[in-house]
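Subject: Handing over a structure, with notes

Dear colleague,

I am passing on to you the structure that I have been working through, and I would be glad if you kept it open beside this message while you read.

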Amino acid sequence: MTHKNVVEFKNVTKTYNSGRPDAFTAVRDVTFAIPDMPGAGEFVAVLGPSGCGKSTILRMIAGLEPQHPATSGEVLVCGKPVPGPGPDRGMVFQDYTSFDNRTVLDNVAFGLECRGVSKPDRYEQARQWIQKVGLNVDTDANKFPHELSGGMRQRVAIARTLILRPRIILMDEPFGALDPHTRMQMQDLLVALWREVQATVFFVTHSIEESVYLGDRVFILSGSPGTLLHQIEVEPPNRPALEMQRESGFQQTVFQIRDILEELETT
Ligand SMILES: Nc1ncnc2c1ncn2[C@@H]1O[C@H](COP(=O)(O)OP(=O)(O)OP(=O)(O)O)[C@@H](O)[C@H]1O
Ligand SMILES: [Mg+2]
């Protein structure tokens, strides 16, 4: 049996406006491989100073322009060069990206609608996902995004993405705007859903605690142009966030990463 890598970067460099006077290299010579593990997906948390190219890397995996295509090197998904966006990759952004003129139900069902799934079928699945992300089908399904809190809107965004069962989930600071309590609830929810859908996750965050809690592996990027400096394996999130974040082993890993990042910010 061949084990392909779910995502692989081979010496990837991205220069925006390449060949022009305003050319800017955002990431340089990034190489990594996330192996395919049957029945499970790896959770990769991505840390690095502001502007080091984290979003650039995520959007290259997503196949979104102008980050896609890479200027040099190879971005491979399941062994093949990324041709552009595709249903095997779902993205969740920091800002709440629901359609304002659609109800929660219609937002969650949107992707299935695009795929031509019949109305009863997509509504049935959407209701299930509304429940899975911790919203109330009876009271929330017919609300519009402006009637929801930030945490609720991020639950809708997650449901919208996961209902399509992507192989790879790309999350760019999805919990950055949430209060600490809601954030921890969302972390535990995400871990539960990630286990269920068995996807590979790339999760950009500025929170070291969040990266150590959620990640199987933490990527640390250097300042601009971003290069991949460290890949640190950490304990998987196999207990609740509040519990794990109190343990001394957890704290030690957080301090270790904080030292690395602080050195990066000052050099
Ligand atoms: N479309 C673009 N054209 C030109 N330069 C860009 C473009 N998008 C991003 N950049 C530049 O590339 C660099 C990396 O940007 P990117 O958004 O990937 O960083 P980031 O690590 O996600 O930062 P943050 O933590 O602040 O979100 C930045 O200097 C940014 O100004
Ligand atoms: Mg970013």
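What follows is a description of what was found in it.

This is a predicted model, in which local features need pLDDT of at least 70, side-chain atom pairs count only at pLDDT 80 or more, and totals for chains, interfaces and linings use all residues. Residues are numbered from 1 along each chain as its sequence is written, while chains are lettered from A and ligands numbered from 1 in the order in which they are written. Helices (H or I, at least four residues) and strands (E, at least two) are DSSP runs, and they are numbered from the N terminus.

Let me begin with the sheet. An open sheet is formed by 6 strands in the order S6-S7-S8-S3-S9-S10, with mixed pairing; two strands pair if DSSP finds at least two bridges between them. At its edges are strand S6 (89-92) and strand S10 (228-233), each of which pairs on one side only. Neighbouring strands are turned against each other by 15 degrees on average, with direction ignored. Inside the sheet, strand S3 (residues 43-47) and strand S8 (residues 200-204) run parallel and are joined by 4 bridges, and Ala 45 stands opposite Phe 203 in S8.

Helix H5 touches S6 and strand S7 (168-172), and its direction makes about 175 degrees with that of S6. Helix H9 (residues 248-266) touches S3, strand S9 (217-221) and S10, and its direction makes about 15 degrees with that of S9. Contact here means that the C-beta atoms of two residues, placed from the backbone, lie within 7 Å. Axes are lines fitted to C-alpha atoms, for helices over the stretch in contact, and angles run from 0 to 180 degrees between N-to-C directions.

The next topic is how helices pack on one another. Two packed helices are described by the angle between their axes and the distance between the axes. The axes of helix H2 (residues 104-114) and helix H5 (residues 150-162) come within 7 Å and cross at roughly 30 degrees, so H2 and H5 are roughly parallel to each other. Angles under 35 degrees count as roughly parallel, over 145 as roughly antiparallel, 65 to 115 as roughly perpendicular and the rest as oblique. The contact is made by Val 104, Asn 107, Val 108, Phe 110 and Gly 111 of H2 together with Val 156, Ala 159 and Arg 160 of H5.

H2 also packs with helix H3 (residues 119-132), at an angle of about 125 degrees and with the axes 9 Å apart, and H2 and H3 are therefore oblique to each other. Among the residues making this contact are Leu 105 and Leu 112 of H2, and Tyr 123 and Trp 129 of H3.

Turning to burial, a residue is buried if 20 or more other C-beta atoms lie within 10 Å of its own, exposed if 12 or fewer, and partly exposed in between. Helix H1 (residues 54-62) is mostly covered, since 7 of its 9 residues are buried, including Ile 57, Leu 58 and Met 60. Just after H1, Gly 63 takes a positive phi of about 80 degrees.

Some backbone features remain. Most residues other than glycine have a negative phi, and most peptide bonds are trans. Which residues are joined by a cis peptide bond with omega of about -10 degrees? They are Ser 224 and Pro 225, and Pro 225 has its place in the loop between S9 and S10. The peptide bond from His 68 to Pro 69 is also cis, with omega near 0 degrees, and Pro 69 is found in the loop between H1 and strand S4 (72-77).

Asn 11, which lies in strand S1 (residues 5-16), has a positive phi near 50 degrees and counts as exposed, because it has 12 C-beta neighbours inside 10 Å. Glu 173, in the loop between S7 and helix H6 (180-197), has a positive phi of about 45 degrees, but Glu 173 is buried, because 20 other C-beta atoms lie within 10 Å.

Finally, Thr 25 lies in strand S2 (residues 24-35) and is partly exposed, with 16 other C-beta atoms within 10 Å. Leaving aside neighbours within four places in sequence, Thr 25 is in contact with Thr 13, Thr 15 and Pro 225.

With best wishes
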